[in-house]
Amino acid sequence: MRDEGLPGGAWTFLTSHARVLLALARDPEVRLREVAETCVLTERTVQAIVADLEQEGYLTRVRNGRRNHYRINPGATFRHPAEAGRDLAGLLALFADDPPAPRTPQQS
């Protein structure tokens, strides 16, 4: 799926992995179907991303009855050399709170 409605083209600063991680940080008991809707991804893609994040130690999935609960590891460090030595805590502090209300053209 593409972010076709974005001004200036279809690229964005955050990766799909970052968006999924942040969605799980905002609501650790969210259903992956809802994460897919929020992140404009397929549910299958979100499942693969969660598996990647879990495998690399960025999150832990804990079964709670019929639901999953996701625990983010804020001490996990970024993988890319350009962000070497930085951990998720900064990203979470910046983005994990509820996002600001969208601005309408009249508010700009």
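Predicted model: local features only at pLDDT ≥ 70, side-chain atom pairs only at ≥ 80, totals over all residues.
Q: In what order do the elements of the protein chain run from the N terminus on?
A: The chain holds four helices and two strands. Read from the N terminus, the order is α-α-α-β-β-α.

Q: What share of the contacts with a separation of 6 or more comes from residues 24 or more positions apart?
A: A contact needs heavy atoms within 4.5 Å. Among contacts in the chain with a separation of 6 or more, residues 24 or more positions apart account for 39%.

Q: How are α1 and α3 oriented to each other?
A: Their axes lie 10 Å apart, and the packing angle is about 85°. Angles of 65 to 115 degrees count as roughly perpendicular. The relation of α1 to α3 is therefore roughly perpendicular.

Q: Which residues in α3 meet α1?
A: The contact of α1 with α3 divides into seven nonpolar, two polar and one charged residue. On the α1 side are Ser16, His17, Val20, Leu21 and Leu24. Their partners in α3 are Val46, Ile49, Val50, Asp52 and Leu53.

Q: Is Val40 buried, partly exposed or exposed?
A: Val40 sits in the loop between α2 (32-39) and α3. Its phi is near 55°, a positive value in a residue other than glycine. Most residues other than glycine have a negative phi. At 36% relative accessibility, Val40 counts as partly exposed.

Q: Which residues are the closest to the centre of the largest pocket?
A: The largest pocket has a volume of about 520 Å³. Its lining has 18 residues, and the closest to the centre are Thr15, His17, Ala18, Phe78 and Arg79.

Q: Which elements give two or more residues to the lining of the largest pocket?
A: The lining divides into nine nonpolar, four polar and five charged residues. The elements that give two or more residues to this lining are α1 (16-26), α3 (43-55) and α4 (88-95).

How values were computed
Residues numbered from 1 in each chain as written. Heavy atoms only, no water. 1 Å grid on protein atoms, 1.4 Å probe; cavity = no way out; pocket = protein on both sides within 12 Å on 5 of 7 lines; lining within 4 Å. Points joined across faces, edges and corners; volume = space filled by probe spheres on them. Nonpolar A, V, L, I, M, F, W, Y, C, P; charged D, E, K, R; others polar. Axes fitted to C-alpha atoms, helices over the stretch in contact; angles between N-to-C directions. Parallel < 35°, antiparallel > 145°, perpendicular 65-115°, else oblique. Buried < 20%, exposed > 50% of the residue type's maximum accessible area, 1.4 Å probe, protein only.
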